[in-house]
Amino acid sequence: MSDFGKKMEAYFHELETIAAWMQRNDPNGEYTWHELYDHPLEHIAILEQWKKDLGTESTERERIHIDDMISTLYVALFAYTL
């Protein structure tokens, strides 16, 4: 497998991890890496709202984790718009 293929595989694994995290935090939602990749803006908005809802009750680590997931989805947004 080429380096590009390995990087894409790792990226899709990251999307799967984000989808699993979102599923645990919203059992009524259905999150898949396909949905995150195809509709990143919708999921960015969801994560931003969750971060806002946590407010000051969240730890810095939780806020950074959500920001990291949002950053990963922005990569999908960029890739999707190419």
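Where is glutamine 23 found? I began there, and glutamine 23 turned out to be in helix α1.

**Ground rules.** I am working from a predicted model, in which local features need pLDDT of at least 70 and side-chain atom pairs count only at pLDDT 80 or more, while totals for chains, interfaces and linings use all residues. I number residues from 1 along each chain as its sequence is written, and side-chain values use heavy atoms, with hydrogens and water left out.

**Overall layout.** I looked up the secondary structure and found four helices and zero strands. Helices (H or I, at least four residues) and strands (E, at least two) are DSSP runs, numbered from the N terminus. Along the sequence the pattern reads α-α-α-α. I then took the box along the principal axes, and the C-alpha atoms fill roughly 45 × 25 × 25 Å. For contacts (heavy atoms within 4.5 Å), I considered those with a separation of 6 or more, and 53% of them join residues 24 or more positions apart.

**Helix α1.** I checked its length next. The expected span of a helix is 1.5 Å times one less than its number of residues. For the 23 residues of α1 (residues 3-25) that gives 33 Å, and the end C-alpha atoms are 33 Å apart, which agrees.

Then I asked which residues of α1 are buried. My cut-offs: buried means under 20% relative accessible area, exposed over 50%, and partly exposed in between (1.4 Å probe, protein chains only). The buried ones in α1 are Tyr11, Leu15, Ile18, Ala19, Trp21 and Met22. In the chain of 82 residues, buried residues make up 27%.

**Back to glutamine 23.** Glutamine 23 is partly exposed, because its relative accessibility is 27%. Setting aside neighbours within four places in sequence, I found glutamine 23 in contact with Gly29, Glu30 and Tyr31. I also compared two separations: glutamine 23 and aspartate 38 are 15 residues apart in sequence and 17 Å apart in space, C-alpha to C-alpha.

Not counting residues up to four places away in sequence, methionine 22 touches Tyr31, Leu36, His43, Ile46, Leu47 and Trp50. Histidine 43 lies in helix α3 and is buried, because its relative accessible area is 5%.

**Aromatic pairs.** How many aromatic pairs does a search of the whole structure find? I got five. Rings of Phe, Tyr and Trp (its six-membered ring) pair if their centres lie within 6.5 Å; planes under 30 degrees apart count as stacked, over 60 as edge-to-face and the rest as tilted.

One of them joins phenylalanine 12 and tryptophan 33, a tilted pair at 4.5 Å centre to centre with 45° between the planes. Phenylalanine 12 lies in helix α1 and tryptophan 33 in helix α2 (residues 33-38), so this pair ties together parts 21 residues apart in sequence. Phenylalanine 12 also pairs with tyrosine 37: the ring centres are 5.7 Å apart and the planes at 80°, so I logged the pair as edge-to-face. Tyr11, Phe12, Trp33 and Tyr37 form one aromatic cluster.

**Salt bridge.** I searched the whole structure for salt bridges (a side-chain nitrogen of Lys or Arg within 4 Å of a carboxyl oxygen of Asp or Glu) and found one. Lysine 51 and aspartate 67 form it, with the closest N and O atoms 2.6 Å apart. Lysine 51 is in helix α3 and aspartate 67 in helix α4, 16 residues apart. Lysine 51 is partly exposed at 22% relative accessibility, and aspartate 67 is partly exposed at 31%.

**A loop serine.** Last, I visited serine 58, in the loop between α3 (40-54) and α4 (60-81). Serine 58 is buried, because its relative accessible area is 7%.
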